Amino acid sequence: MKFLAAPDYQSMSRRAANLISAQVILFPNSVLGLATGSTPLGIYRQLADWYDKGDIDFSAVRTVNLDEYCGLAPEQVQSYHYYMKSNFFSKINVDERNTNLPNGMAADLNEECRRYDAVIGGLGGIDLQILGIGHTGHIGFNEPGFAFDQTTHVVELNKKTIEANARFFNNISEVPRRAITMGLKAIMQAKKIVLVANGESKAEILERALFGPVVPEVPASILQMHPSVTVVADEAAFSRIRARHPETL
């Protein structure tokens with residue numbers, strides 16, 4: 001596991017974007033696993049800026065997203081389809097046919113989970129997966145307590161996750177209670193993983209996930225078992241690790 005510290009959010013975003021751009025430049029048809037939420041926004045802005053300058057070409061890239069809310073149509077502002085299109089896909093030259101997200105409006109959600117696993121398998125798996133980390137230690141929407149070998153599945157969202165995501169909605173009652181998420185099994189099968197975190201509020205869970213016991217109660221702890229994880233975080237998010245494990249930074 002590699003640790004890359006940055007002084008602030010902008011620098012963290014740039015360092016993570018460097019890893020992704022290197023992947024795409026070296027392997028133009030890479031399969032990128034993409035994440036949503038606040039943390040990756042700076043990464044997507046940086047990559048779009050480099051695309052505008054002619055530094056990177058996404059025309060052959062394939063993408064798979066981690067998750068989507070159940071019950072939100074792609075055109076709804078809070079959906080992850082909308083998030084990806086407005087914050088990244090519309091700003092680069094990726095072929096829309098090469099972008100993949102779970103369908104939260106599917107009539108049969110279990111069948112949709114099977115379909116999505118087949119899509120990932122058909123692409124040959126994920127070359128580089130971007131991850132954030134939730135306050136409960138979740139990655140994607142894999143909440144505490146789920147088995148590490150789970151494939152794409154429907155999850156009942158944790159109360160803390162609902163509260164954390166309420167900022168994207170008019171009020172907490174609008175936050176969907178279920179989501180489709182890529183399972184930890186597919187995430188762990190990615191060839192490379194880039195985990196990003198920022199802010200002091202992530203310091204405790206980041207240290208627990210990366211240096212504590214590997215247990216389903218902290219889903220991100222399974223990353224300790226992956227052969228190629230790079231953790232990119234700002235000083236605030238790394239503060240607890242720096243204090244307790246100074247040899248790593």
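Throughout these legends, a residue is called buried when its relative accessible area is under 20%, exposed when it is over 50%, and partly exposed in between, using a 1.4 Å probe on protein chains only. The model is predicted, so local features need pLDDT of at least 70 and side-chain atom pairs count only at pLDDT 80 or more, while totals for chains, interfaces and linings use all residues. Residues are numbered from 1 along each chain as its sequence is written, and side-chain values use heavy atoms, with hydrogens and water left out.

View 1. Let's start with Cys113, which counts as buried at 4% relative accessibility. Cys70 is buried too, at 11%. A disulfide here is a pair of cysteine sulfur atoms within 2.5 Å, and the structure holds zero of them. Cys70 is in no disulfide, the nearest cysteine sulfur being that of Cys113, 7.7 Å away. Seen from Cys113, the closest cysteine sulfur is the one in Cys70, and 7.7 Å is too far for a bond.

**View 2. The largest pocket.** A pocket is found on a 1 Å grid over the protein atoms alone, as an open set of points where a 1.4 Å probe fits, with protein on both sides within 12 Å along at least five of seven lines; lining residues have an atom within 4 Å of a point. By class, the lining has nine nonpolar, 14 polar and four charged residues. Here Ala, Val, Leu, Ile, Met, Phe, Trp, Tyr, Cys and Pro count as nonpolar, Asp, Glu, Lys and Arg as charged, and the others, Gly among them, as polar.

**View 3. The annotated active site.** An unreviewed UniProt entry places the feature "active site" at Asp67, His138 and Glu143. These residues span 77 residues in sequence, yet no two of their C-alpha atoms are more than 12.4 Å apart, so they gather at one spot. Of these residues, Asp67 and His138 are included in the lining of the largest pocket. Please keep in mind that such annotations may be inferred rather than shown by experiment; positions follow the numbering used here, and feature names are shortened.

View 4. His138 is buried at 12% relative accessible area, and Glu143 is buried at 3%. Contact means heavy atoms within 4.5 Å. Leaving aside neighbours within four places in sequence, His138 is in contact with Gly132, Ile133, Glu143, Thr161 and Pro219.

**View 5. Val232 in strand E10.** Val232 is found in strand E10 (residues 229–234) and is buried, with a relative accessible area of 0%. Val232 and Ala197 are 35 residues apart in sequence and 6.7 Å apart in space, C-alpha to C-alpha. Beyond its neighbours within four places in sequence, Val232 has contacts that include Leu4, Met12, Leu19 and Ala197.

Terms used:
Helix = DSSP H or I, 4+ residues; strand = E, 2+ residues; numbered from the N terminus.
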